[in-house]
Amino acid sequence: MCETAYDICYLDDMIQKSRYLFKLIARNCPDAFEVITAYMKCTYRKYMDMGNPLYLNKTPKQILGELGIRADTKKDISEQYDEFIFEWMADIYTYMQWKYNLYSSEIVEKIEPEKLHAKYYPLHEASVENGADKLRKIYQLGRR
């Protein structure tokens, strides 16, 4: 059984990519939580979860394109969503998926984006590792 979802050499890039992706979603989508859920459940994300380098190396714009979303990278910061919270959400989802070797679809089924967003203030001062571990225990997520 694999300890983590994929080699650690991809983790930092995946975190940065996820942060940018979530910010693009916040800037371009009126219902960002719905789009995040769709992304976490899509086949494309499943291949990323399995560590397929072809998918791990795609850009956020390519990922959104796979979801049928045309992202305008020149859009201003979202007035509707706090992008710092979205970055934190991206960190938590990415770390949980990698560390606990879970499919993103399993994580988002138990911790919907709205729920995770609501957990920002009680957990954002914890490290990503500690925050992810607390959420895993609260929502009873196991390993694949």
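**Exercise 1. At roughly what angle do the axes of H1 and H2 cross, and within what distance do they come?**

This is a predicted model, in which local features need pLDDT of at least 70, side-chain atom pairs count only at pLDDT 80 or more, and totals for chains, interfaces and linings use all residues. Residues are numbered from 1 along each chain as its sequence is written, and side-chain values use heavy atoms, without hydrogens and water.

Step 1. Take the axes as lines fitted to C-alpha atoms, for helices over the stretch in contact, with angles from 0 to 180 degrees between N-to-C directions. Helices are DSSP runs (H or I, at least four residues), numbered from the N terminus.

Step 2. The axes of H1 and H2 cross at roughly 140 degrees and come within 9 Å. H1 is therefore oblique to H2. Angles under 35 degrees count as roughly parallel, over 145 as roughly antiparallel, 65 to 115 as roughly perpendicular, and the rest as oblique.

Step 3. The crossing of H1 with H2 is right-handed (the near helix is turned clockwise from the far one by less than a right angle).

Step 4. List the contacts (heavy atoms within 4.5 Å). From H1 come Leu21, Phe22, Ile25 and Ala26; from H2 come Ala32, Val35, Ile36 and Tyr39. By class, that contact has eight nonpolar, no polar and no charged residues. Here Ala, Val, Leu, Ile, Met, Phe, Trp, Tyr, Cys and Pro count as nonpolar, Asp, Glu, Lys and Arg as charged, and the others, Gly among them, as polar.

**Exercise 2. Which residues line the largest cavity?**

Step 1. Search the whole structure: one cavity of 30 Å³ or more turns up. On a 1 Å grid over the protein atoms alone, a cavity is a set of points where a 1.4 Å probe fits but cannot get out, and lining residues have an atom within 4 Å of a point.

Step 2. The largest cavity has a volume of about 40 Å³ (the space filled by probe spheres set on the points, which are joined across faces, edges and corners).

Step 3. The lining is Ser18, Phe22, Tyr39, Met40, Arg45, Ala90, Tyr93, Thr94 and Ser104. H1, H2 (32-41) and H6 each give two or more residues. H6 gives the most, with three.

Step 4. By class, the lining has five nonpolar, three polar and one charged residue.

Key. On a 1 Å grid over the protein atoms alone, a cavity is a set of points where a 1.4 Å probe fits but cannot get out, and a pocket is an open set with protein on both sides within 12 Å along at least five of seven lines; lining residues have an atom within 4 Å of a point.
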